[in-house]
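Please read them with the structure open.

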Amino acid sequence: LDINASIKGARFVRFCDAFGIPLLTLEDVPGFLPGTDQEHNGIIRNGAKLLYAYAEATVPKVTVITRKAYGGAYCVMSPKHFRGDCNLAWPTAEVAVMGAKGAVEIIFRGKNVEQETDNYERTFANPLRAAQRGFVDEVI
């Protein structure tokens, strides 16, 4: 997500809410776009607009995670944490704080990265952990 996508998404969510149109969110978001340009122009402020739009919407909200749902960008796309009515995920979806390789490099400090990445992906890079914790209602 970048600034423009966040603003556009927030306006769309508020428009649908104003006219009673239910929201179906197809989510594939590996994170917010990094960079000093985005930071200087207010990615946090504009990302919060999307988060507030989803949180304040009163229409039914259904989210389908199709591939990646990482970090703060996942949090602004109508998760269960912010009153999403129904969250579904494909079996190949990944719900996590960050990607497997980045997590492994931090956890294992660069040792056995390939082996540990494979292990991490098998263990955590699937929607079953999120479903066990109640973040995903059903794996479809």
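Where is the place of His 81?

1. His 81 sits in the loop between H4 and E3. The model is a predicted one, and what follows should be read as such. With a relative accessibility of 42%, His 81 counts as partly exposed, because that class runs between the buried limit of under 20% and the exposed limit of over 50%.

2. Leaving aside residues up to four places away in sequence, His 81 touches Tyr 74 and Phe 135. The C-alpha atoms of His 81 and Gly 134 are 9.6 Å apart in space, while 53 residues separate the two in sequence.

3. Side chains of opposite charge can pair when their charged atoms come close.

4. Lys 80 forms a salt bridge with Asp 137, with 3.1 Å between the closest N and O atoms. Lys 80 belongs to the loop between helix H4 (71-75) and strand E3 (86-89), and Asp 137 to the loop between helix H7 (127-132) and strand E5 (138-139), so this pair ties together parts 57 residues apart in sequence. Lys 80 is partly exposed at a relative accessible area of 26%; Asp 137 is also partly exposed, at 38%.

5. Asp 28 and Arg 67 meet through their side chains in a salt bridge, at 2.9 Å from N to O. Here the partners lie in strands: Asp 28 in E1 (residues 23-29) and Arg 67 in E2 (residues 61-70), so parts that are 39 residues apart in sequence are tied together. The relative accessible area of Asp 28 is 35%, which makes this residue partly exposed. Arg 67 counts as partly exposed too, with 42%.

6. Glu 56 and Arg 14 form a salt bridge in which the closest N and O atoms are 3.0 Å apart. This pair links distant parts of the chain, as Glu 56 is in helix H3 (residues 43-56) and Arg 14 in helix H1 (residues 3-18), 42 residues apart.

Terms used. Residues numbered from 1 in each chain as written. Predicted model: local features only at pLDDT ≥ 70, side-chain atom pairs only at ≥ 80, totals over all residues. Heavy atoms only, no water. Salt bridge = Lys/Arg side-chain N within 4 Å of Asp/Glu carboxyl O. Helix = DSSP H or I, 4+ residues; strand = E, 2+ residues; numbered from the N terminus. Buried < 20%, exposed > 50% of the residue type's maximum accessible area, 1.4 Å probe, protein only. Contact = heavy atoms within 4.5 Å.
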